[in-house]
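Please read each one with the coordinates open beside you.

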Amino acid sequence: MTFSRELEFRLVIIAVVLLLCFIFAVFYSIYYYREKKIFRLEKCIYNNILFKVTEEQKSDKKLVLVGDSRIVGWGKNDFGNKTIDIYRVGILGGTSNEILCAVQKSLCKQKSLFKNVDLYVIQIGINDLVAASLMEDKEREKIKQRLLNNIRTLIGYLSMSDSHILILSIVPPIKVGVFRKLVWGKTIAKDAEEISQILQNEFIGKISFYDMKNIMYDFEKKIWKESLAFDALHWKKEVYESLNLVINDMIYAH
């Protein structure tokens, strides 16, 4: 074998090895991502993560935001010249089980902070449905049912204080990147609509439902507005500004 042929052969071997390593890395990343998402369906957050968002002030209203990264990303809550004390229980990537557990622990440790709450706002579910999309149909249905049960249990805890509760509908992924398109199943949007419809029809009285389509959906084109999304799961400040108006009207109506 001549030197040039030997070099060419070695380069081919190196290329094949690198390609195999790349393929292995991709499949391992998908496997690790999937296992992590599924693991969090059962996880419980023990840390006390209820904290105050606003600075110390004399306020006649108290608002508690509960949910996943969409709650964490709320940012500044601008209610004009009205003073509202705002607290938050928010978990990045939080599943319904993690959030429910966090509220239970916070209730035990800081009961006083849950007293005299005028309004709870709940945004939960998208992370459960992402994990569900990675499963077979039978397991996916179990995850959806557990999500509903966790939301019902959470509402049961929060409604004991006779506070008003606002449930936000589950917004499906909007701007989905290549990796997520490769990994996620095709069921998330359908499941988000189904769960939201169940919640909308189930609760009455001091438990209200708000359809996020009012802010983020183009009813004429029948598509979600990509301009209001940072990425697949997270929203821009314009969404929160619109939600602040909804909350402002609701919290001062009761």
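1. Cys101 counts as buried, at 5% relative accessibility, where buried means under 20% relative accessible area, exposed over 50% and partly exposed in between (1.4 Å probe, protein chains only). The model is a predicted one, in which local features need pLDDT of at least 70 and side-chain atom pairs count only at pLDDT 80 or more, while totals for chains, interfaces and linings use all residues. Residues are numbered from 1 along each chain as its sequence is written, and side-chain values use heavy atoms, with hydrogens and water left out.

2. Cys101 forms a disulfide with Cys44, the two sulfur atoms being 1.4 Å apart, and the structure holds one disulfide (a pair of cysteine sulfur atoms within 2.5 Å). The pair links distant parts of the chain, 57 residues apart, since Cys44 sits in the loop between helix H1 (3-39) and strand E1 (50-52), and Cys101 in helix H3 (residues 96-109); helices (H or I, at least four residues) and strands (E, at least two) are DSSP runs, numbered from the N terminus. Cys44 is partly exposed, with a relative accessible area of 22%.

3. Buried residues of H3 include Ile99, Leu100, Ala102 and Val103.

4. Val72, in helix H2 (residues 69-72), is partly exposed at 27% relative accessible area. Leaving aside neighbours within four places in sequence, Val72 is in contact with Arg88, Gly90, Ile91 and Leu92, contact meaning heavy atoms within 4.5 Å.
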